[in-house]
Amino acid sequence: MTQDELKALVGQAALHYVVPGEIVGVGTGSTVNKFIEALARMKDQIKGAVSSSEATTQRLKALGIPVFDCNEVGELSVYIDGADEIDAQGHMVKGGGAALTREKIVAAQSRQFVCIADESKLVKTLGAFPLPVEVIPMATARVMRQFGAMGGLAQIRQKDGHPLVTDNGQLIVDVTGLHIADPLAFETQVSQWPGVVTVGVFAHQKAHVCLLGTASGVKTLTF
Ligand code: 5RP
């Protein structure tokens, strides 16, 4: 099975967690795009969605799924999103699509986080994927030095030859060379650095369930 087929498989499997008549939290990325395609086929059975990025909002609206603002709705029963890495406890690295801040907000507003991923995303220890961190522009040099002092190598993410600007008007710093042995402590620490908007470690908002696409089908991990 190709990676694309594995993504479609878990995108379809995630429909099982969508509660009819309710609003569902929707993440961002190529795996979530498969989920959105599947969700569109049952759009008449849900009230709508809360989106984690402008890209997802556009996609949902184009398929006729109503999109609600976080502030208009209360707690969501479920948030469906992908990950760049997930460990055996459900801690994740996210933000490969630069949407980590809104993703963490919608995850925090949801009772259950269902992560959908192909099996290449399952890791023993977080850190091999460059860690995305959303940073206020005036703080980037200092934040990058702080990661340097931790043994990491930080770079400002570029797009089309310019620094990528997030949906929130901020920058993304990607950090390689980290070995995140204690995701909860790491997230707590980095979140306190002045100028850091969001760190892409999701330990406080970890997954409750992971639908992992494997060659032999969907494997359900619960944490
Ligand atoms: C976007 C994310 C995505 O969930 C993550 O990058 C995985 O994306 P994909 O499903 O395309 O591999 O965190 O900010």
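**From a buried loop residue to the whole chain**

A207 is found in the loop between β14 (201–202) and β15. In this predicted model, A207 has a relative accessibility of 1% and therefore counts as buried, the cut-off being under 20%. Beyond its neighbours within four places in sequence, A207 is in contact with I86, G90, M92, F113, C115 and F223.

R157 is placed in the loop between β9 (153–156) and β10 (158–159). Its relative accessible area is 14%, so R157 is buried as well under the 20% cut-off. With neighbours within four places in sequence left aside, the contacts of R157 include G95, G96, G97 and A98. R157 also touches P132, H162, P163, L164, I172 and D174.

The discussion now turns to the nonpolar interior. In soluble globular proteins, nonpolar side chains tend to be buried together. The largest nonpolar core here has 24 residues, of which V24, V26, F35, L39, I80, I116 and L211 touch the most other members. At least two residues of this core come from each of β1 (23–26), α2 (30–40), β4 (76–81), β7 (110–118) and β15 (209–214). The greatest contribution is that of α2, with six residues. Apart from this core lies another, of 23 residues, with I23, A83, L164 and I172 among them. Within the largest core, I80 may be examined individually. Not counting residues up to four places away in sequence, I80 touches A14, Y17, V24, G25, V26, G27, V32, F35, V114 and I116.

M138 is found in the loop between β8 (131–135) and α5 (140–149). Because its relative accessible area is 80%, over the 50% cut-off, M138 is exposed. Together with I136 and V197, M138 makes a nonpolar surface patch of about 320 Å².

Finally, the chain may be considered as a whole. Its secondary structure comes to six helices and 16 strands. Its radius of gyration is 17 Å, which agrees with the value near 17 Å for a compact globule of 223 residues. Along the principal axes, the C-alpha atoms fill a box of roughly 50 × 40 × 35 Å. Of the 223 residues, 52% count as buried. Among contacts with a separation of 6 or more, 71% join residues 24 or more positions apart. The accessible surface is about 10100 Å², and carbon and sulfur atoms account for 52% of that area.

Key:
Residues are numbered from 1 along each chain as its sequence is written. This is a predicted model: local features need pLDDT of at least 70, side-chain atom pairs count only at pLDDT 80 or more; totals for chains, interfaces and linings use all residues. Side-chain values use heavy atoms; hydrogens and water are left out. A nonpolar core is a set of buried Ala, Val, Leu, Ile, Met, Phe, Trp, Tyr and Cys residues joined through side-chain atoms within 4.5 Å. Buried means under 20% relative accessible area, exposed over 50%, partly exposed in between (1.4 Å probe, protein chains only). Helices (H or I, at least four residues) and strands (E, at least two) are DSSP runs, numbered from the N terminus. Contact means heavy atoms within 4.5 Å. Patches are made of residues with over 30% relative accessible area and no salt bridge: like charges are joined within 9 Å, nonpolar side chains (Val, Leu, Ile, Met, Phe, Trp, Tyr) within 5 Å. Accessible areas come from the Shrake-Rupley method with a 1.4 Å probe; for residues, only the protein chains shown count as cover. A salt bridge is a side-chain nitrogen of Lys or Arg within 4 Å of a carboxyl oxygen of Asp or Glu. The radius of gyration is taken over C-alpha atoms; the globule rule is 2.2 Å times the number of residues to the power 0.38.
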